[in-house]
Amino acid sequence: MMGPGPIMVLSQNTKRDSGKKVQLENINAGKTIGDVVRTCLGPRAMLKMLMDPMGGIVMTNDGNAILREITVQHPAAKTMIEIARTQDEEVGDGTTSVIVLAAEVLGVSQQFLAEKMHPTVIIQAYRQALEDATNILREKVSTPIDMEDKAEVRKVIQSCVGTKFIAKWSDLACDIAMDAVKTVSMDNSGKKEIDIKRYAKVEKIPGGTIEDSRVLKGVMFNKDVTHPKMKRRIENP
């Protein structure tokens with residue numbers, strides 16, 4: 001004999017929707033998130049001025065940094081923000097592009113739902129399109145590069161830096177990025193491992209200019225001057 005089912009305690013304001021109405025609401029929520037960062041895409045992108053809960057002001061055109069400061073309640077909108085976070089963790093670039101692309105994919109699917117196509121059929125078609133696009137990119141569009149050729153690697157980095165606020169100092173940023181990655185790269189049994197999350201960190205110190213930025217091959221401690229006779233420079237302690 002089976003016992004009673006689970007008891008769910010819900011708030012009085014809780015409501016449950018289903019059907020075509022929810023599908024359209026999810027599409028509109030995704031398109032709204034895409035519209036938030038749409039103007040941040042490309043070399044002519046505009047910066048967004050954000051204020052965090054502590055009162056700090058940040059100006060950026062990075063999609064993940066913008067969506068990280070947005071508080072949403074809609075489940076589909078939260079999923080879109082998770083897409084940007086995953087893209088940033090796995091790739092490190094393209095957070096704005098992936099949100100705009102996902103919003104367009106949702107917008108295009110709206111006409112298929114209006115034609116009474118089942119969502120699983122639409123998803124299956126999108127997966128087939130993804131597989132075909134991946135094959136075309138891999139076989140016809142992608143270009144292999146030599147990781148030891150600094151000129152080719154610099155072009156790849158410049159394609160990422162060109163749309164950022166630091167594009168004016170792109171040469172310096174590219175040199176710093178290449179130097180930092182080569183510093184933390186390790187060879188384990190013929191397999192190259194680059195863990196920039198654990199071994200490379202960006203420290204921001206007030207004062208100076210961007211040209212003062214450089215890669216330190218070691219560990220840095222932020223130590224304030226606590227005594228007038230305290231040494232300002234120590235070499236080989």
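Modeller: The crossing of α1 past α4 is left-handed (the near helix is turned anticlockwise from the far one by less than a right angle; clockwise would be right-handed). Helices here are DSSP runs of H or I with at least four residues, numbered from the N terminus. The model is predicted: local features need pLDDT of at least 70, side-chain atom pairs count only at pLDDT 80 or more, and totals for chains, interfaces and linings use all residues. Residues are numbered from 1 along each chain as its sequence is written, and side-chain values use heavy atoms, with hydrogens and water left out.

The α1 and α4 axes come within 8 Å and cross at roughly 150° (axes are lines fitted to C-alpha atoms over the stretch in contact; angles run from 0 to 180 degrees between N-to-C directions). So α1 is roughly antiparallel to α4 (over 145 degrees; under 35 is roughly parallel, 65 to 115 roughly perpendicular, the rest oblique). Contact means heavy atoms within 4.5 Å. On the α1 side the contact residues include Lys20, Asn26, Ile27, Gly30 and Ile33. On the α4 side they include Ile99, Leu106, Ser109 and Leu113. By class this contact has ten nonpolar, eight polar and two charged residues (Ala, Val, Leu, Ile, Met, Phe, Trp, Tyr, Cys and Pro count as nonpolar; Asp, Glu, Lys and Arg as charged; the others, Gly among them, as polar).

Now the other partner of α1. Helix α1 (residues 20–37) packs against α3 (residues 75–90) at about 40°, with the axes 8 Å apart. That angle makes α1 oblique to α3. Their crossing is right-handed. From α1, Asn26, Ala29, Gly30 and Ile33 meet Ala76, Ala77 and Met80 of α3. Five of these contact residues are nonpolar, two are polar and none is charged.

Next, α4 with α5. Their axes come within 11 Å and cross at roughly 135°. The two helices are therefore oblique to each other. This crossing is right-handed. Val105, Val108, Ser109, Phe112 and Leu113 of α4 make the contact with Pro119, Ile122 and Tyr126 of α5. It has seven nonpolar, one polar and no charged residues.

Last, the second largest pocket. Its volume is about 410 Å³ (the space filled by probe spheres set on grid points, which are joined across faces, edges and corners). A pocket is an open set of points on a 1 Å grid over the protein atoms alone, where a 1.4 Å probe fits, with protein on both sides within 12 Å along at least five of seven lines; lining residues have an atom within 4 Å of a point. There are 16 lining residues, and Ile27, Val105, Leu106, Ser109 and Ile123 are closest to the centre. Helices α1, α3, α4 (95–114) and α5 (119–141) each supply at least two. α4 gives the most, five. The lining has twelve nonpolar, four polar and no charged residues.
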